Amino acid sequence: MNRLIRTFASVAAVSLLSVAAVQAAEIKAGDLVITEAWSRATPGGAKVAGGFLTIDNKGAAADRLVSATADVAGKVEVHEMSMDNGVMKMRLLDKGLSIEPGKTVKLAPGGYHIMLLDLKGPLKEGEKVPVTLQFEKAGKVPVTLDVAGVGAKAPGDAGGSMTKTDHKGHSGH
Ligand SMILES: [Cu+2]
């Protein structure tokens, strides 16, 4: 518990220090820098939402995003989406997502993402959704997802293209 509070306090301190000119919050956790954390408003009664963010590893050792939790979701998983013969497929990364040293890993629509499952309510545009990421080395890292509009930043993906996924939890799209 102490560790959690300290982590949170250091993140809060970093946020206070960041310049107002930088719009997107930059979160530092050890050697990791996390930016552009966002999600999309959920259409209709959708019970799932993708979470997207950019993770920069400025250290000399690899880290790994192993899991995440969110108060708004019953469960959060680390997923990879890819095209297979024109069909979008979702895959649970049960060992997590490796963040190699010196590399930037972008979680974005159509690729890696965190999946918020069993949503307790819809995500609305303009909302800020707190999520706690769990890294192998950096530990628990609280971030805030800025909720954009339905289908935002993903042209042609405004709710139609995800219906062909083989991932059970996504049939609501
Ligand atoms: Cu997914």
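**Figure 1. The largest nonpolar core of the predicted model.** Within this core of 34 residues, the members that touch the most others are Ile34, Val76, Leu116, Val131, Val141 and Val143. A nonpolar core is a set of buried Ala, Val, Leu, Ile, Met, Phe, Trp, Tyr and Cys residues joined through C-beta atoms within 7 Å. A residue is buried if 20 or more other C-beta atoms lie within 10 Å of its own, exposed if 12 or fewer, and partly exposed in between, with C-beta atoms placed from the backbone. Two or more residues of the core come from each of β1 (27–29), β2 (32–40), β3 (49–57), β4 (63–70), β5 (73–84), β9 (112–119), β10 (128–135) and β11 (139–148). The greatest contribution, five residues, is that of β9. The model is predicted: local features need pLDDT of at least 70, side-chain atom pairs count only at pLDDT 80 or more, and totals for chains, interfaces and linings use all residues. Residues are numbered from 1 along each chain as its sequence is written.

**Figure 2. The protein chain as a whole.** Along the sequence, their order is α-β-β-β-β-β-β-β-β-β-β-β. Of the 173 residues, 28% count as buried. Two residues are in contact if their C-beta atoms, placed from the backbone, lie within 7 Å. Among contacts with a separation of 6 or more, 68% join residues 24 or more positions apart.

**Figure 3. Strand β9 and its partners.** Six of the eight residues of β9 are buried, so this strand is largely enclosed by the rest of the structure. Strands pair if DSSP finds at least two bridges between them. β9 runs antiparallel to β3, joined by three bridges, and Gly51 stands opposite Ile114. With β5, the antiparallel pairing of β9 extends over seven bridges; here Glu77 stands opposite Met115. Leaving aside neighbours within four places in sequence, Leu116 is in contact with Val48, Ala49, Gly51, Ala70, Val72, Ala73 and Val76.

**Figure 4. Strand β2 and its partners.** β1 and β2 form a hairpin with two residues between them, and Gly30 in the turn has a positive phi of about 60°. Three bridges join these antiparallel strands, with Ile27 opposite Ile34. β2 also pairs with β3, in the antiparallel sense over six bridges, where Val33 stands opposite Asp56. The pairing of β2 with β11 is parallel and has three bridges; in this pair Ser39 stands opposite Val147.

**Figure 5. Leu93 in its loop.** Leu93 is found between β6 (87–92) and β7 (97–99). Is this residue buried or partly exposed? Leu93 is partly exposed, because 17 other C-beta atoms lie within 10 Å. Not counting residues up to four places away in sequence, Leu93 touches Val78, His79 and Glu80. Leu93 and Glu80 are 13 residues apart in sequence, and their C-alpha atoms are 6.8 Å apart in space.

**Figure 6. Confidence along the chain.** The average pLDDT, the predictor's confidence in each residue from 0 to 100, is 83, and 74% of the residues score at least 70. Over residues 17–22 the pLDDT is below 50, and this stretch has two contacts in the model beyond near neighbours in sequence. Residues 154–173 also stay under 50, with 33 contacts beyond four places in sequence. Where pLDDT is low, the predicted coordinates should not be read in detail.

Technical notes. Helix = DSSP H or I, 4+ residues; strand = E, 2+ residues; numbered from the N terminus.
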